[in-house]
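Colleague: Could you walk me through this model before I start on my own notes?
Modeller: Gladly; have a look at it here and then ask away.

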Amino acid sequence: MGMGFLVLVLGWMVQASWAFSLTDHETITRQAAAELNGCYPGVLTTADVELLVSENLDEDTNLFRKWTEFSHYYHPQKKLNMFRKDSMDRIESLEADLSDPMVEDSPYAIAGHMIHHLQDSAVPAHAVPVDHIWDDGFESLELAQEDFVDPAYRTRCRQIRDGVDPHLRGFEGLLKRSALETLLSLRSPVVLTIGGRKTTQTWTAFWQESSNSDFGQYGVMGNSFGLSDFLTPGAVPVQVKSDPVQYRLFKKKQIRLAVESTKKVLYLVRLLKWQNWY
């Protein structure tokens, strides 16, 4: 009885630690690696990719580190009120490891941990941020494999190189730009039918920033992202309907932000550790 309860609690704890799901993190990483190899053939070996994936997932499954030292939250314009460090602190720590000759970890092992935080910065509840457990609607929405792919990525290979500059706080700059882009995406329109009346809102109706250094909160629509028919929270609930295609397109855009950020991190790691390439 006691052991079974412990297993259930541990399972709940792992679930509660996700931003993108573990499956999403793995798919984003593999897609980014495939596209980087498509632009720069042979840059990543199969072993490199497997190492990136395993170390990426370790950022979520190592709960002691996550819950006592480094959170996966980061707001690009303020230091959050919390006892743990944020994703920027984790990136800076990993960058120090990358440049320390005494650290024996593979550069791609370190990069695996880095890209996890870049990917999380594309999740609204981690950039606003909103304190949550495992049930954020954005994180729970499942997409098809095709939604992770940009068929025209080869036409934008140069953007990978142009998007990184090791002299301008490279990894930190990538994290900040990704989080800023996520916050900007929340200001894009979404059409909702509220109480029978069609109206145009922004995605801030689902995630709302605070006006100070505290965490934000779910917006007037509550934690309802992904639902096509729901009631608003509060004393007087109102019925809201939404075309589910909007949710898919919004998450797909954020998935692609995560893929692009991942490619740039891997390019920069390669640039810093093996300078005579491409």
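**Talking through the model**

Modeller: The protein chain has 11 helices and 6 strands, where helices (H or I, at least four residues) and strands (E, at least two) are DSSP runs numbered from the N terminus. This is a predicted model, in which local features need pLDDT of at least 70 and side-chain atom pairs count only at pLDDT 80 or more, while totals for chains, interfaces and linings use all residues. Residues are numbered from 1 along each chain as its sequence is written, and side-chain values use heavy atoms, with hydrogens and water left out.

Colleague: What share of the protein chain counts as buried?
Modeller: Of its 278 residues, 49% count as buried, meaning under 20% relative accessible area, with exposed being over 50% and partly exposed in between (1.4 Å probe, protein chains only).

Colleague: And how much of the contacts comes from residues 24 or more positions apart?
Modeller: Such residues account for 67% of the contacts in the protein chain with a separation of 6 or more, a contact being heavy atoms within 4.5 Å.

Colleague: Switching to rings, how many aromatic pairs are there?
Modeller: The count comes to 17 aromatic pairs, taking rings of Phe, Tyr and Trp (its six-membered ring) as paired if their centres lie within 6.5 Å, with planes under 30 degrees apart called stacked, over 60 edge-to-face and the rest tilted. In one of them, the ring centres of Phe 138 and Phe 250 are 6.1 Å apart and the planes are at 85°, so this pair is edge-to-face. It links distant parts of the chain, since Phe 138 is in helix H8 (residues 137–140) and Phe 250 is in helix H11 (residues 244–273), 112 residues apart.

Colleague: Are those two buried or exposed?
Modeller: Phe 138 counts as buried at 0% relative accessibility, and Phe 250 counts as buried at 5%.

Colleague: What about Trp 203 and Tyr 247?
Modeller: Their ring centres are 6.0 Å apart with the planes at 55°, so that pair is tilted. Trp 203 is in the loop between strand S2 (197–202) and strand S3 (207–208), whereas Tyr 247 is in helix H11, 44 residues apart. Both Trp 203 and Tyr 247 are buried.

Colleague: Which aromatic cluster do these rings form?
Modeller: Phe 20, Phe 138, Trp 203, Phe 206, Trp 207, Phe 225, Tyr 247 and Phe 250 form one cluster.

Colleague: What lies over the face of Phe 138?
Modeller: Lys 251 does, at 5.2 Å from the ring centre; the criterion is NZ of Lys or CZ of Arg within 6 Å of the ring centre and within 35 degrees of the ring normal.

Colleague: Now the largest nonpolar core: which residues touch the most other members?
Modeller: Of its 66 residues, those are Leu 44, Phe 206 and Trp 207, a nonpolar core being a set of buried Ala, Val, Leu, Ile, Met, Phe, Trp, Tyr and Cys residues joined through side-chain atoms within 4.5 Å. The largest share of this core, 11 residues, comes from H11. Leaving aside neighbours within four places in sequence, Leu 44 has contacts that include Val 49, Tyr 108 and Leu 266.

Colleague: Last topic, what is the strand order in the open sheet?
Modeller: The 4 strands run S2-S1-S6-S5 with antiparallel pairing, two strands being paired if DSSP finds at least two bridges between them. The edge strands are S2 and strand S5 (229–231), each pairing on one side only. Strand S1 (residues 189–194) is joined to S2 by 6 bridges, and Thr 193 stands opposite Lys 198 in S2.
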